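Please read these points with the coordinates open.

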Amino acid sequence: QVQLEESGGGLVQPGASLRLSCAGSGRSMGTFYMGWYGQAPGKKRELVAAIGASGVTYYANSWKGRVTISRENSENTVYLQMNNLKPEDTAVYYCAAGLSLLNPRDYWGQGTLVTVSS
């Protein structure tokens with residue numbers, strides 16, 4: 001079993017930056033790809049970025065250039081650095097772990113809310 005816990009969400013102004021963190025525990029996290037999904041109000045949950053234990057990464061086209069995903073394997077932690085945030089980025093962001101770089105969704109965290117508003 002894998003447990004994931006996100007932190008770092010909050011209310012920020014447009015143009016601000018935010019770093020989300022996800023701490024994993026349980027089975028060896030090194031075997032999983034880790035990802036961040038965003039779910040805006042009334043919309044489906046979509047993959048923002050994902051990373052493997054080797055450092056291989058995937059970024060959704062709409063997020064390229066504004067987010068950076070990183071991972072600290074020794075601490076079972078994955079981060080999402082978000083820059084130049086826009087009001088339309090307001091969403092609940094979920095950490096996930098799975099066996100696919102492009103669809104890591106076998107385990108989920110509870111989510112952390114990011115609100116971008118002036």
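Buried is used below for a relative accessible area under 20%, exposed for over 50%, and partly exposed for values in between (1.4 Å probe, protein chains only). The model is a predicted one: local features need pLDDT of at least 70, side-chain atom pairs count only at pLDDT 80 or more, and totals for chains, interfaces and linings use all residues. Residues are numbered from 1 along each chain as its sequence is written, and side-chain values use heavy atoms, with hydrogens and water left out.

1. Salt bridge. The structure holds 1 salt bridge, the term being a side-chain nitrogen of Lys or Arg within 4 Å of a carboxyl oxygen of Asp or Glu. R66 and D89 form it, with their closest N and O atoms 2.7 Å apart. The pair links distant parts of the chain, 23 residues apart: R66 is in the loop between β6 (57-59) and β7 (67-72), and D89 in the loop between β8 (77-82) and β9. Strands are DSSP runs (E, at least two residues), numbered from the N terminus. R66 counts as buried because its relative accessible area is 12%; D89 is buried as well, at 4%.

2. E6 is found in strand β1 (residues 2-7).

3. Polar contacts of E6. The E6 side chain does reach backbone nitrogens: that of C95 at 2.8 Å, and that of Q110, which lies 3.1 Å from a polar atom of the side chain. A polar contact is a pair of N or O atoms within 3.5 Å; within protein, one must be able to donate a hydrogen and the other to accept it, and residues adjacent in sequence count only if both atoms are side-chain atoms. Beyond neighbours within four places in sequence, the residues in contact with E6 (heavy atoms within 4.5 Å) include S21, C22, W36, Y93, Y94, G109 and T112.

4. Largest pocket. About 310 Å³ of space lies in the largest pocket. Of its 16 lining residues, G38, A40, E46, W63 and E88 are the closest to its centre. β4 (33-39), β5 (46-51) and β9 (91-98) each supply at least two lining residues, and β5 gives the most, with 3. On a 1 Å grid over the protein atoms alone, a pocket is an open set of points with protein on both sides within 12 Å along at least five of seven lines; a cavity is a set where a 1.4 Å probe fits but cannot get out; lining residues have an atom within 4 Å of a point.

5. Cavity. The structure holds 1 cavity of 30 Å³ or more. The largest cavity has about 30 Å³ of space and is lined by M29, M34, R71, N76, T77 and V78. Grid points are joined across faces, edges and corners, and a volume is the space filled by probe spheres set on the points.

6. N76, in the loop between β7 and β8, has a positive phi of about 50 degrees although it is not a glycine. N76 is partly exposed, at 28% relative accessibility. The C-alpha atoms of N76 and G26 are separated by 9.6 Å, the two residues being 50 apart along the chain. N84 also has a positive phi of about 50 degrees without being a glycine; it is found in the loop between β8 and β9 and is partly exposed at 43%.

Methods: Helices (H or I, at least four residues) and strands (E, at least two) are DSSP runs, numbered from the N terminus.
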